[in-house]
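Here is a short walk through a predicted model. Follow along in the coordinates as you read.

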Amino acid sequence: MTAFLNQLPIGLSIGAVLMLIALGLTFTFGQMGVINMAHGEFIMAGAYTAFLLQDMVLALPAAFLVAGVMGLILERSAIRHFYGRPLDTLLLTWGVSLVLQQLARDLFGAPNVQVPAPAWLSGGVGILPYNRLFIMGLAVAGVVAVWLYLTRTGLGRRTQAVVQNRQLAATSGIDTGRVDMLTFFIGSGLAGVAGVALTLIGPVGPALGTYYIVDAFLVVVAGGLGQLRGAVLAALGLGLLNSYAEFWSDASLAKVIVLAAVIAFLQVRPQGLFVLRSRVLT
Amino acid sequence: MIKRHLPFATVAVIALVAAPLLLEPFRLGLLAKYLCYAIVALGIGLAWGKGGMLTLGQGVFFGLGGYSMAMYLKLTEAEGGLPDFMVWSGVEELPALWVPFANPVFALSMAVLGPVVLAVVLGTLVFRQRVRGAYFAILTQALAAAMVILLVGQQGLTGGTNGMTNFFELFGQDLAEDSTQRGLYLVVAGVLGVLYLATRQLVNSRYGRLLVAVRDGEDRVRFLGYDPALVKTVTFAASAGMAGLAGALFVPVVGIISPALLGVVPSLELVVAVAVGGRHVLAGAVLGAVVMGYAKTAFSEQFADGWLYLQGALFIVVMTLASKGIAGVAQTVAGRLRSARAT
Amino acid sequence: MLELRDVQVAFDGFRALDGVNLTVPEGELRFLIGPNGAGKTTLIDVVTGLTRPAAGSVRFAGQDLVGRKEHQIVRLGVGRTFQTSVVFEELTVVENLDLAASFREPLWALTRRRKGVSEAVAESLARTGLEALAERPAGVLSHGQRQWLEIGMLLAQRPRLLLLDEPVAGMSKDERERTGELLTAIAADHTVVVVEHDMDFLRRHASTVTVLHEGRVLVEGSVDEVSVDPRVQEVYLGRRADDTVGERS
C-alpha cells in the first residue's frame, strides 16, 4: 500500500510537467495547425537556464523568457509561413530541434549536468516530497494563469476566437499575427518553466526534451486540440498511467501500455476528450 | 515502351553490374546498407508521398524485420545452445519466443508478416476512427519511442541497448567473405529493383489513383463508395512489410541490429531522406535514401558533430525552399529545358 | 423510394431538423428550397450518412440508412454532390470518372492499370460534354466544368437516387442553362433530389417542390402552387434578394 501511495506524487508530478509542456503544444497545434517538434528543446533551454543561474527563484522567470523568446524567433522566422500545414511544420521544426540539440552539446558538453536543488525543497510532508509538490504547484499556477489570460483579458479572448475560427476572427478585425506571436511566446515560455521543474527530479542533458515531447504530443491527441481542460485532464491521466504502468509491469512496458491506452481511448473519442464543434467538412 | 523503361534499365545495369565490379568491398557494403534504407524509403514514398500518411514509425517495422533475422542468425550460430548475449545476461533457458526462429522460413516470414500484422492492427484501429494527419504521425512516433524502450528493457530477450551483433554465417556462407557480401549486395539491389517496379505498377494502377484521391480528399472518397480506412490500412501495411524486409536484409549486410537503429531519430531521418529526394516521386524517395546515407557517412568521417547541424539545416532549407525535393527540382529543370528547346 | 420520418438533428442545442417528413417516389425530380438555415443541406447529410439524426428514420428502397457508413450508403445506390465541388485535381477528368465508376469492383481488381474507358465513364463524358477535356487534370477546369465533372462522377456511380446540393451556385447564365438541360436529361431515367436557391432556375426546371423552413417541411407541391402560397412568400420569397447569394444553409 505504501509503495502504491508513493507512486502517486511521482505520477502527479510527471502529469504536472506534461501539463506545462502540452499547454503550449495544444494551442499552437489548435490555433495555427503547427506541430512544433522543437518544443522539446525549449524545455531543454529552460533546464540549462536553471543550470546557469543555480537559483530556483530567479530561474523560473528567466527560463520563461529565454524559452519564450526562442519560440518567438522560431515563429517569426520560419513557422508562420507554414500555418495549417502540420506535417510540414513537424519536419521543419525537427530540423530546428536537431540544430538546437547539437548547439547545446557544443555549449554545455554532451554529458548530463546536475542542478543542485535548493535547500528549502528538500524533505517533504508524509508521502509528498517538497520538490514534487513544488512542481505540482508550478503546473497549477501555469494552468490558472493561462485560464485567466484566456478568459479575463482581451487578448486572451481574441486568442480563443482565433482558435475557433481564424478567418472569421481575422475579418472581424483581430490582428491574428499578433495573437499567434503571443500564443507562441507563452506556450514556449511554459515549456521553459517545465524545463526548470525537471531539474528538480533529474539531470539535464542536450536530449532532455526528446524524452518528454512524444508523451506531451500524446497528451494533445488525447485531450483534444486547443483545449485547456483537455490538456489538463489528459496530462494528469497520462502522468498517473505512466507511473502506475511502471509500477505494475516493468519500466520497459510502461510506454507500450500508455500508447495502447491512448489508442484505445481514441476508439471511444477519436478527436480527444474535448472537441470544437464545427460543421465544416475538412 | 522501351523509352519509358530506359532510365530504370540504366540504373539497374549500373547497380547490378558496374557497382560490384568497380567498388571495393567496403564501399560496396556501404552501398548495400543505403539500398536497405532505400527499400524503407520506397515504402515511405508510397505511404506518405502517394497516400498522405506521414509515418514516423517505420523504424519499428524495420526493427521487427531486423530482429527476426538476427534471432535466426544467433540461433544457427549457437547450434542448440544459447546466444552469447543471453549467456552474459544470465539467461539459462531459451525463451519460448525465440524457439521458432531457429527455422529460417519462419524467421524470414515473420520479418515481413510481423510488421504487416502490426500495421494492419494499428491502421484498422486508427484509420477506422478517422484519426489522421498529424495525429497519425504522432501515434507512429510514440510507437517508435515505446519500441526502443521495450527493446532496451528486455535485455535477456533482445540484447538490450547493444542489440545483437557478431554474426558469422548466413545459410552456411561466411559473412566475412567478400564474395558473400557481394552476393548479399546483389540480393539487396535485386529486391529493391523488384519492389520498385511493383510499387510503381501499383501507383500507376487505378488503386494508385484511388490512393491519391484518398490523400487529397478522404471525405469525398467515401461518397464515391470506397472505404478510405481500408485503402489506407492496406497501403500502410505494404510499406510496413517493405520496411520489415529491409530490416531482415540489413542485419547480414551491416552485421548489427540495435535499438539505436530504429527509434524516433532513425525513423525521422528516413522521412527526411524521402523529403530531400522528393516525396511525390517514388524514384525520388529511393534516391533521397541513398544520397542522405552517403552524405551521412561522408560527413561523419570528416567531422561527426557537423552532421547534425548539416542535417538540421538541410532539412530546414528543403522544407522552406524546395518542398518537392531533388526530384521536384529535376522536374522543374527538365521542364524549363524542354520549353526552352520548344521555343 | 426515399422516405424520411420524423427526422431530428441537433447541433449543440440548435435544431437543424425538427421532425422532417419527406417522401420521394421513384423516378421523381424533386426540388428542395428554403431560406438559409432551413436545413436543406443537413437533410442531404442525414440521408448520405454524414450526419446522424438524433431521432427518426431514413429509409431508401426498403432499407434503413441510419447508422450506416457513408460508403455503405453509396453502395446501396445513393449518390450526392457537394456545394463546393470536390474533384481530385491531380487526376485527369477520365481518372476522376473512372474512380467513381469502379467502386463496386474488389480492391485487388484495381491494382491493374486502367485500359481504355469503360461504358459508364464514356456515357458520363458524353452527358456532361467533357469529352474534349478527358485527359486534362481536373485542376485546370473552370468552376462550371468542375460542377459538371462532379455531376458526371455521380452519374458514373450509376446510383438509383441522386442528391444534388446547389448544382448551379456560382455559375454563369449559359452554364446554368446547360446544367438545367443536363438535369432534365438525368431526371428522365433517375430519381433526383436537388437543393436550389435560384428561383428562375426552379421555375424553368422544377416540377415538384418541397419548402423547408426552420427544420420543418412548410409546403409541398408544384412550383406554381408553392410560389403563390402565402406562407412561402412570407418566409422565403419575401427574402429572396439575400437568398440568391447561395450560402451554405
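Start at A:G109. This residue sits just after helix 4 of chain A and adopts a positive phi of about 85°. The model is predicted, so local features such as this one need pLDDT of at least 70.

Now step back into helix 4 itself. The helix covers residues 86–108 of chain A, which makes 23 residues. At 1.5 Å a residue, helix 4 should span 33 Å. Its end C-alpha atoms are 32 Å apart, which agrees with that expectation.

Move to helix 1 of chain A, residues 2–32, where A:L12 is found. A:L12 has 20 other C-beta atoms within 10 Å. A residue counts as buried at 20 or more, so A:L12 is buried. Which residues does A:L12 touch, leaving aside those up to four places away in sequence? They are A:M136, A:G239 and A:L240. A:L241 is 229 residues from A:L12 in sequence, yet their C-alpha atoms are 9.8 Å apart in space.

Chain B brings in a record. An unreviewed UniProt entry places the feature "transmembrane region" at several spans of chain B, among them residues 134–153 and 270–295. Take residues 134–153 of chain B: the span is 100% helix and 0% strand, with end C-alpha atoms 29 Å apart. Residues 270–295 of chain B are 85% helix and 0% strand. The end C-alpha atoms of residues 270–295 lie 13 Å apart.

Definitions and conventions: Residues numbered from 1 in each chain as written. Chains lettered and ligands numbered in written order. Predicted model: local features only at pLDDT ≥ 70, side-chain atom pairs only at ≥ 80, totals over all residues. Helix = DSSP H or I, 4+ residues; strand = E, 2+ residues; numbered from the N terminus. Expected span 1.5 Å × (residues − 1). Buried ≥ 20, exposed ≤ 12 C-beta atoms within 10 Å, placed from the backbone. Contact = placed C-beta atoms within 7 Å. UniProt positions renumbered as here; feature names shortened; annotations may be inferred.
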